[in-house]
Amino acid sequence: MLRISSCQQSIWALGQTSRVGSKRFISSGNTGKDLLNLDFLQPFSQKSVRRPPPVASSSSLRPPTGHYPRRGPNHASGSKNFDGSGRIPEGSRGSARYEQQQPHIPKITPSSVIPYFEANVTTWCRQMRTLKRLETFGFPLEESKRLLMLFAQEVQHGKLSGSEDASFHMLDRFAQTHEESSIDTIYSTIFFSWLTQTEHAHRSRIIKKARVSSSTLALADELMETTSCYYPADNFPFARTMHRKVIMHVGPTNSGKTYHALRALAAAKTGVYASPLRLLAHEIWERLNTGQIQPLGIEKDPSDTQNSSGGNPRWERPCNMITGEEQRIMGEDVGLLSCTVEMLGYQAKSDVAVIDEIQMIGDPDRGAAWTDAVLGLAAKELHLCGEETVIPVVENLLKDTGDELIIRRYERLTPLAVEEESLQGDFTNVRKGDCIVTFSRSNIFGIKKMVEEKTGMRCAVVYGRLPPEVRSEQAALFNDPNSGYDVIIGSDAIGMGLNLKIKRVVFESLHKFSAGGINPLSVSSVKQIAGRAGRYGLHADAGGSTTTLHAQDMAYLKQCLDTPYVAVDYGRISPSKEGLSTTMSILPEGSSIETAFDAHRFIGKIPPHLRYSSQNQLDQVYDVIDNEWADMPMEAKMLLLYAPVPWRDTKTVDIIKNCLTMFSETMSVQFDKAIEGTKFMSILDEVEEKMKDQKSTNSLEDIDIPNASDKLMLLESFHKATVFYIWMSFRHPVAYSNFEQVSALKERIEVVLNFMLDVISKKENLLQFKQLGGKGRRATAKAQDYSPRRETEKLQYLNKLDLQKLKLSKEMGGPTLKSYPTKSSSNTSSPKEYS
Ligand SMILES: Nc1ncnc2c1ncn2[C@@H]1O[C@H](COP(=O)(O)OP(=O)(O)OP(=O)(O)O)[C@@H](O)[C@H]1O
């Protein structure tokens, strides 16, 4: 636990000492263990009043006027056509693409919603977590008990389930697709909408029967008002002044969706490309600047020449780039911008905006950024590229904006064949142009070793923990026919964003470990990954194929490719920074960030086609921010919440904590001090020495790095720490003043990581090969040399290295105030981007 010094307290002078919120008491299941002995509920728990459910037509489900949800002051008049029905969307039964299977979640059919609601209300009201949650929101315990008792009584007497009331409280959400906590959430939001109903008779009854004070009712009203977001489109007044033309480009992977949207962008005077990945933002930025995207309406001309990047000089479009950690500014008056979706700004109008991978709107962790982008981009023409499955969610979002929606459907440009046979577990069947997909990091290196031994071909590797720069480099090696890297081994990170010359995708496995155990890959993931084979325009022999390593997986592969995409049931929404701050100001003093999020999740009304973002990834964040840095000012907490912090990586988090301590104590964060006591620099130096050895022998065979796998992992963590520092230096340039040095360090790590990827499969047996079906025959490894291009680059790098190290050690000594070429950063929000 970090100690908060007195100096820190004076900097974070909010005087917050007592914490009310804690997540510990919130248990996940309704097991009965957390039931309180709430005698006050006994009169109602025994007699469940059952009545036949009313038939709720979609029109009858419209919230009555004069009730919550309240609309913000900026509500656009064009949004009167919002349906607000809460009806169960077509195709919403199936598992959502990004959700875990939750077998313990009850199946509630539309016709059993009301019996379910009434029969289980007492259980919900009796749960310890229900009462405790109300307490963290500031409701007095005794009043909460009486309120819950009255609520249970009224529910059981059918007071909330007449057709008008059922629709007002949106009871049909019980029958929509569920995630783990949704039953609890739905009960809670119904409870609050009941509590804050405005009719005089209702209020008098509550005051009289539950003996609730007016301050408690006022608190409920205030919380309801600040946490409700029933008309999220209203949060973007700038876009609401426009009548936008929204064009959805939908179809399978490799069907040309993005191609058409990008042509419109390249022809626009002003425009923005929003990417799911840093890598992709970079790629599009480069392609626009170097004339590799043919602007719509501009034809090829026989007299056209090629620039050094292979682009057409007539098509070059100056474009800036902003991601969480990088800014490439070509000029102040440049009309185009490529950025990650979390870095979008909503204060400027443009002609064309492109949002890529729109189906990410359903992603539990990041989906809210896509929802904001769809609602908030003030573009005359908004292009959304992605899967067809997301159309209903977008349609629902746009009902509230009055925009025009055009849907363009595409077919795959090249055929994708499923091969008759698997590789029969034999790596000698691997061919040039294969991409082998596996889901653990150690498997990746094990397979690389096996393939290299058995076929003599070299393998590039791509997986999620690798920095995007290294992934790009590995992809370039695979795409370069002269590099010697003929095979690529990857995790599902290959599914998005890299242009790879894959001829065949081979699944080592179709199961992946994720929270909750080992689960089969979703249909959508299988299609997306397999679809990378035979990228249009990259192969002379157009078309690709897919298969599995093991025969037993073939049936599931075929089944997935034959199954239609599963619908995205709902989009995601997150409380805004401002919303959270207001909520914090209403909650009891010292409340945690987690309590503020909970208030939004468990009180506020949101439209039926949206859900709040998942809390899964925030657990570690709460641990650090709420427990260790409880006294940190709200603004600093919010910044940290959106910073690129790999919360599960304790090595990186330790460095980040050092940075935060330095920031709070001295307002000067020196990176060398933050990493003091770690092995990071010594490992980096050690590997760089090995690179020099390799330079003299020109062979990897004699390079021996003990515990290379562990060191690789540490270097990956080290890289993430540099990324965090650079990100913070954009927000606090004076305090995080080692920007240039840390950037140089980051580049060094990237080069070393690439080297390690080569070394590692040579020296370590990372896998039980039998498990992979290897026959144990050790083929003579062919000595592999680097391609001339790569070798020259490496020599140049090594020559620069000593110079750089010298400079770095001098410069890291003390605080230096540097100004950076491009620090716009009016937008410091949410770079939780994937890289
Ligand atoms: N009409 C076309 N003429 C030339 N090249 C095209 C055309 N359409 C698409 N391409 C090329 O085909 C490849 C796939 O296109 P694109 O990236 O637009 O597909 P996509 O449907 O967006 O797939 P993904 O979702 O996998 O990115 C790209 O390299 C693109 O430049």
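How do the residues of the shell around the ligand divide into nonpolar, polar and charged? In this predicted model, the shell comprises four nonpolar, five polar and four charged residues. The ligand is surrounded by 13 residues, of which T253, N254, S255, T258 and Y259 are the closest.

For T258, a polar side-chain atom is placed 2.4 Å from an oxygen atom of the ligand. The backbone contributes as well: a backbone N or O atom of N254 lies 2.8 Å from a ligand oxygen atom, and a polar backbone atom of S255 is 2.8 Å from an oxygen atom of the ligand. On its own, the ligand has 610 Å² of accessible area, and the protein covers 77% of that area.

Helix packing was examined for two pairs of helices. Helix α3, spanning residues 113-126, packs with helix α7, residues 182-195, at an angle of about 90 degrees, and their axes are 11 Å apart. Because angles of 65 to 115 degrees count as roughly perpendicular, α3 is roughly perpendicular to α7. On the α3 side, the contact involves Y116, F117, N120, V121 and W124; these residues meet I183, D184, Y187, S188, I190 and F191 of α7. By class, the contact of α3 with α7 contains eight nonpolar residues, two polar residues and one charged residue.

The second pair consists of helix α19, residues 577-586, and helix α20, residues 593-603. The axes of α19 and α20 come within 9 Å and cross at roughly 105 degrees, and the two helices are therefore roughly perpendicular to each other. From α19, residues G579, L580, T583 and M584 take part in the contact, where they meet I593, A596, F597, A599 and H600 in α20. The contact of α19 with α20 divides into six nonpolar and three polar residues, with no charged residues.

Terms used: Residues are numbered from 1 along each chain as its sequence is written. This is a predicted model: local features need pLDDT of at least 70, side-chain atom pairs count only at pLDDT 80 or more; totals for chains, interfaces and linings use all residues. Side-chain values use heavy atoms; hydrogens and water are left out. Axes are lines fitted to C-alpha atoms, for helices over the stretch in contact, and angles run from 0 to 180 degrees between N-to-C directions. Helices (H or I, at least four residues) and strands (E, at least two) are DSSP runs, numbered from the N terminus. Angles under 35 degrees count as roughly parallel, over 145 as roughly antiparallel, 65 to 115 as roughly perpendicular and the rest as oblique. Contact means heavy atoms within 4.5 Å. Ala, Val, Leu, Ile, Met, Phe, Trp, Tyr, Cys and Pro count as nonpolar, Asp, Glu, Lys and Arg as charged, and the others, Gly among them, as polar. A residue is near a molecule or strand if one of its heavy atoms lies within 4 Å of it. A polar contact is a pair of N or O atoms within 3.5 Å; within protein, one must be able to donate a hydrogen and the other to accept it, and residues adjacent in sequence count only if both atoms are side-chain atoms. Accessible areas come from the Shrake-Rupley method with a 1.4 Å probe; for residues, only the protein chains shown count as cover.
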